[in-house]
Amino acid sequence: MTSHDGDTDSRDRGKKRDGYAAARIPVYLRVDRDADELVVYTDPRNGAYKARTTHPYGAAVTLPDPVAITLDTEELKNYAG
């Protein structure tokens, strides 16, 4: 979940995402409180995620293999705004 603290927010949106991609973590999720959406990064190659999808709070989000689950994001609406 993104933070309202500028330094932590920067790490969540950049450094952490890029570090996970460099480590070839197959799926990186970010709950973006600024945009009220779930961001899913997949397909890590050459230190970066090649695919990015966004989903509004309340959507059922199916994550690709190897995670292969569907997340119900309805409760994230409680943290919006």
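Student: Which residues do ring pairs link into a cluster?

Tutor: Ring pairs link Tyr-20, Tyr-28, Tyr-41 and Tyr-49 into a cluster, where rings of Phe, Tyr and Trp (its six-membered ring) pair if their centres lie within 6.5 Å, and planes under 30 degrees apart count as stacked, over 60 as edge-to-face and the rest as tilted. This is a predicted model, in which local features need pLDDT of at least 70 and side-chain atom pairs count only at pLDDT 80 or more, while totals for chains, interfaces and linings use all residues. Residues are numbered from 1 along each chain as its sequence is written, and side-chain values use heavy atoms, with hydrogens and water left out.

Student: How many aromatic pairs does that rule count?

Tutor: The count comes to 4 aromatic pairs. In one of them, the ring centres of Tyr-20 and Tyr-28 are 5.1 Å apart with the planes at 90 degrees, so this pair is edge-to-face. For Tyr-41 and Tyr-49 the centres are 5.9 Å apart and the planes at 40 degrees, so that pair is tilted.

Student: And Tyr-28, buried or exposed?

Tutor: Tyr-28 is buried, with a relative accessible area of 6%, whereas Tyr-20 is partly exposed at 36%; buried means under 20% relative accessible area, exposed over 50% and partly exposed in between (1.4 Å probe, protein chains only).

Student: Switching to strands, what does E1 join?

Tutor: Strand E1 (residues 27–32) is joined by 6 bridges to strand E2 (residues 37–45), and the two run antiparallel. Strands (E, at least two residues) are DSSP runs, numbered from the N terminus, and two of them pair if DSSP finds at least two bridges between them.

Student: Which residue in E2 is the bridge partner of Leu-29?

Tutor: That partner is Val-40.

Technical notes: Helices (H or I, at least four residues) and strands (E, at least two) are DSSP runs, numbered from the N terminus.
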